[in-house]
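Hi,

Here is the structure I promised to pass on.

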Amino acid sequence: MRDISERSLTEAAIETFDDAESPRAQEVLQALVHHLHAFVREVEPSDAEWAEGIAFLTRTGHLCQGDRQEFILLSDILGVTSLTDLINHRLPVGSTENSVLGPFFVERRPVFEAGADISGGVPGDPLFASMRVLDGQGRPIAGAAVDIWHSDGNGGYDVLMDEVEGTAMRGLFHADDLGRVWFRSILPASYPVPMDGTGGEILRAGRRSAVRPAHLHVLVNAPGYERLTTMLFAEGDPHLDTDPVFGVKSSLVRRFDTRTGVTTPDGSVIAGEIHVIEYDFVLAAEPDVAAA
Ligand code: BEZ
Ligand code: FE
């Protein structure tokens, strides 16, 4: 007969998964019990604390409705989203680094021609972005699909703005034969992640910053290449070192310069002062293509 004690319980619980439905299920479930028990042995929660832990997870689940996914926010602020991404995308040196997707990408977005203004009429400091999509050898990836989305100068996204009909500050471009994409918009700003749920409880308990540094989201898809989900951050933003979702990598930080008389890739000149961001995205070939 099994005799359960504080010492023997962990091994007994792990052994119950010896005949799991697959080797992977066995590995995952046994590691889960192993680490969960190690956590409980280290922390030694009181009965009241464990009940609060269950209540916290229950509150988190109840918050997950419609577009709100509080478990993803918890994964983001505990660093699990970024760690999983780093493990699953060990990219060749020189490839553009990934960052988190976040909750504000939407499939229903307009397709724009090069040079378009994607601000959707939302007022703000003018921004000009000029980008290229390249392969690991520096060759342009013509036709690459480049999604852009970002906040306004108050840190708000169109999906949360009553005054925006349709979409603003987002759109899909296709790179030209030289791999180029360029557009106009407005300068994004830093903004807090949602603080009214269990993610906010954790950030407050940790006396952590909730504010993401100003950024442009970029998603690049091209056949034969790994999808790139990333962001460009504004150099000098005071929140770069305290991003609550661990999305900042130094290679993704760029100056949002102020320039006058900027000439765009098609030769037209932008009158007056404008902030300018330039970036070359380097895509990694899909593994089977790279091996061929
Ligand atoms: C964002 O950058 O849009 C974002 C990322 C993670 C959590 C919340 C927002
Ligand atoms: Fe964002």
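This is a predicted model: local features need pLDDT of at least 70, side-chain atom pairs count only at pLDDT 80 or more; totals for chains, interfaces and linings use all residues.

Residues are numbered from 1 along each chain as its sequence is written, chains are lettered from A and ligands numbered from 1 in the order in which they are written, and side-chain values use heavy atoms, with hydrogens and water left out.

Which residues hold the iron ion (ligand 2)? Tyr157 and Tyr191 coordinate the iron ion through OH, and His215 and His217 through NE2, at 2.0 to 2.2 Å. Donors here are N, O and S atoms within 2.8 Å of the metal (3.2 Å for Na, K and Ca); water is not among the atoms, so sites may look incomplete. Along the sequence, the spacing of these donor residues is Y-x33-Y-x23-H-x1-H. His215 and His217 are both buried (under 20% relative accessible area; exposed is over 50% and partly exposed in between, with a 1.4 Å probe and protein chains only).

The iron ion has six donor atoms, with angles of 54 to 168 degrees among them, and its site is irregular. Six donors would count as octahedral if opposite donors were over 155 degrees apart and all others between 65 and 115; four would count as tetrahedral with all angles between 85 and 135 degrees, or as square planar under the rule for six, and anything else is irregular.

Asp76 takes us to helix H4, residues 70–77 (helices are DSSP runs of H or I, at least four residues, and strands of E, at least two, numbered from the N terminus). Glu70, Leu73, Leu74, Asp76 and Ile77 are its buried residues. They are on the same side of H4 because they cover an arc of only 160 degrees around the axis, taken from the directions from the helix axis to the C-beta atoms. These buried residues pack against helices H3 (47–63), H5 (80–88) and H6 (198–205), where contact means heavy atoms within 4.5 Å. After H4 comes Gly79, with a positive phi near 85 degrees.

Cheers
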